[in-house]
Amino acid sequence: LQKCVCLGAKLLFEHKIRATLSEIKNWLGTKNTSPDTITVEWVPLSIFDLRSQFSLKFRRLLIDVTIERERMTVTSFGEQNEFRKVSYHSAIEFELFLQNQLQNQLRLYSRKDVATNNG
């Protein structure tokens, strides 16, 4: 019975995360003037697996995510070989984290483009 409850919690959380990723892609489309897009690849696991995994890439930002029950572990790799591992318990927390990371990438590359054009 406990495995059924865990599986149900994971499925509901995964559904929320998929909706959040769709919203983030739309949001990024309004902020991003370059042709760069977010790439999301889900690991093809069985629907009955108690975890889900996906990776996300945007420019030089790489994020690996594991969803288990109602918790997600996010491992991100940044520009200066920075490594960050954080757990989230809601789609809203993940959305805020992801928006922040994407805005950092947009700012970083807009500065590089300006420096390249001026230099």
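Colleague: Happy to dig in! What are the ground rules for the numbering and the values?

Modeller: Residues are numbered from 1 along each chain as its sequence is written, and side-chain values use heavy atoms, with hydrogens and water left out. As the model is predicted, local features need pLDDT of at least 70 and side-chain atom pairs count only at pLDDT 80 or more, while totals for chains, interfaces and linings use all residues.

Colleague: What makes β3 and β4 a pair of strands?

Modeller: Strands are DSSP runs of E with at least two residues, helices are runs of H or I with at least four, and both are numbered from the N terminus. Two strands pair if DSSP finds at least two bridges between them. Seven bridges join β3 (residues 61-68) to β4 (residues 71-77), so these antiparallel strands count as paired. Within this pair, Asp64 stands opposite Thr75 in β4.

Colleague: Why are β1 and β5 called edge strands?

Modeller: The open sheet has five strands in the order β1-β2-β3-β4-β5, with antiparallel pairing. β1 (39-42) and β5 (83-88) each have a single partner strand, so one side of each is left without a neighbour in the sheet. Neighbouring strands are turned by 15 degrees against each other on average, direction ignored.

Colleague: What does helix α1 touch in that sheet?

Modeller: Helix α1 (residues 2-31) packs on the sheet and touches β1, β2 (51-58), β3, β4 and β5. Contact here means heavy atoms within 4.5 Å. The direction of α1 makes about 10 degrees with that of β2; axes are lines fitted to C-alpha atoms, for helices over the stretch in contact, and angles run from 0 to 180 degrees between N-to-C directions.

Colleague: Why is the Phe77 and Phe83 pair called tilted?

Modeller: Rings of Phe, Tyr and Trp (its six-membered ring) pair if their centres lie within 6.5 Å; planes under 30 degrees apart count as stacked, over 60 as edge-to-face and the rest as tilted. Phe77 and Phe83 are 5.6 Å centre to centre with 45 degrees between the planes, so the pair is tilted. A search of the whole structure finds five aromatic pairs, and ring pairs link Trp42, Phe54, Tyr88, Phe94 and Phe97 into a cluster.

Colleague: How do you know whether Phe77, with 31%, is buried, exposed or partly exposed?

Modeller: Buried means under 20% relative accessible area, exposed over 50%, and partly exposed in between (1.4 Å probe, protein chains only). At 31%, Phe77 is therefore partly exposed, whereas Phe83 has 55% and so is exposed.

Colleague: Nice! Why does Gln101 count as buried?

Modeller: Gln101 has 7% relative accessibility, so Gln101 counts as buried. This residue of helix α2 (residues 91-118) touches Leu61 and Arg84, not counting residues up to four places away in sequence.

Colleague: What makes the charged end of Arg18 sit over the ring of Trp42?

Modeller: The rule asks for NZ of Lys or CZ of Arg within 6 Å of the ring centre and within 35 degrees of the ring normal. The charged end of Arg18 sits over the ring of Trp42, 3.8 Å from its centre.

Colleague: Which residues have the most contacts inside the largest nonpolar core?

Modeller: They are Ile17, Met72, Phe94 and Leu102, in a core of 23 residues. Such a core is a set of buried Ala, Val, Leu, Ile, Met, Phe, Trp, Tyr and Cys residues joined through side-chain atoms within 4.5 Å. Two or more residues each come from α1, β2, β3, β4 and α2.
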